[in-house]
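Here is a brief report on one protein model.

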Amino acid sequence: MLKALCSDSSSKKDTRSLLALAFKELYGAPLPYVEKDLHGKPFFPSRRDVYFSLSHTKSHVMVVIGSIPCGCDIEAVRHVRAGLPERVCSARELGFFDFFQCWVLKESFIKLSGDTSLPLDRTCFSLDSGRIITPDSAVSARLYDCPGCRAAVCCKGEPPEELIFIPAKNLAYQS
């Protein structure tokens with residue numbers, strides 16, 4: 001089971017607060033110590049049975065956490081340089097998704113794998129009867145809309161049905 005949350009903040013402190021809130025809701029305990037592996041992927045050394053991923057933009061933070069490996073990404077929808085979508089996405093992908101949907105799918109897939117050397121232009125997604133087809137048949141994905149943003153989760157199981165919005169003002173007391 002996974003839980004996905006986002007908030008209208010870009011503060012690293014609020015990313016940690018959102019993670020603490022999600023951990024407490026799922027596991028009934030304070031947030032454990034966080035370390036990073038050799039590739040920079042964060043993890044809980046004392047809770048190897050809990051997986052999580054973090055993302056942020058200039059306006060939002062996102063957390064996905066649960067009992068299965070996961071990756072998430074959130075991006076603000078904005079103007080991008082001419083040619084960037086075609087360098088990052090295949091023409092086929094851009095027939096299924098807008099650029100930012102494609103981007104967050106690719107980034108969440110890379111965060112799930114922990115392999116930052118995966119080339120974005122060869123990590124391809126498509127749709128089949130409304131279901132997102134990922135580059136790895138063992139991975140599922142879901143897209144979410146958030147005001148002004150696109151967000152995605154890739155995981156080794158079923159992605160959360162919804163992205164739960166928590167106002168930043170509600171994060172002030174999390175540690």
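Two strands count as paired if DSSP finds at least two bridges between them. The model shown here is predicted.

**The sheet**

Strand 1 (residues 2-7) and strand 5 (residues 61-66) are joined by six bridges, and they pair in the antiparallel sense. Lys3 stands opposite Ile65 in strand 5.

Four strands make up an open sheet, in the order 4-5-1-11. Its pairing is mixed. Strand 4 and strand 11 (163-165) are at the edges. Each has a single partner strand, so one side of each has no neighbour in the sheet. From one strand to the next, the twist averages 20°.

Helix 1 lies across strand 1, strand 4 and strand 5. Helix 1 runs at about 30° to strand 5.

**The pockets**

The largest pocket holds about 680 Å³ of space. Its lining counts 22 residues. Lys36, Gly40, Pro42, Leu54 and Ser55 lie nearest its centre. Helix 1 (12-27), strand 4 (51-56), strand 6 (70-76) and helix 4 (99-113) each give two or more residues to this lining.

The second largest pocket holds about 230 Å³. Among its lining residues are Asp37, Phe43, Arg47, Tyr51 and Cys70. Strand 3 (42-43) and strand 4 each give two or more residues to the lining of the second largest pocket.

The linings divide by class as follows.

Conventions:
Residues are numbered from 1 along each chain as its sequence is written. This is a predicted model: local features need pLDDT of at least 70, side-chain atom pairs count only at pLDDT 80 or more; totals for chains, interfaces and linings use all residues. Side-chain values use heavy atoms; hydrogens and water are left out. On a 1 Å grid over the protein atoms alone, a cavity is a set of points where a 1.4 Å probe fits but cannot get out, and a pocket is an open set with protein on both sides within 12 Å along at least five of seven lines; lining residues have an atom within 4 Å of a point. Grid points are joined across faces, edges and corners, and a volume is the space filled by probe spheres set on the points. Axes are lines fitted to C-alpha atoms, for helices over the stretch in contact, and angles run from 0 to 180 degrees between N-to-C directions. Contact means heavy atoms within 4.5 Å.
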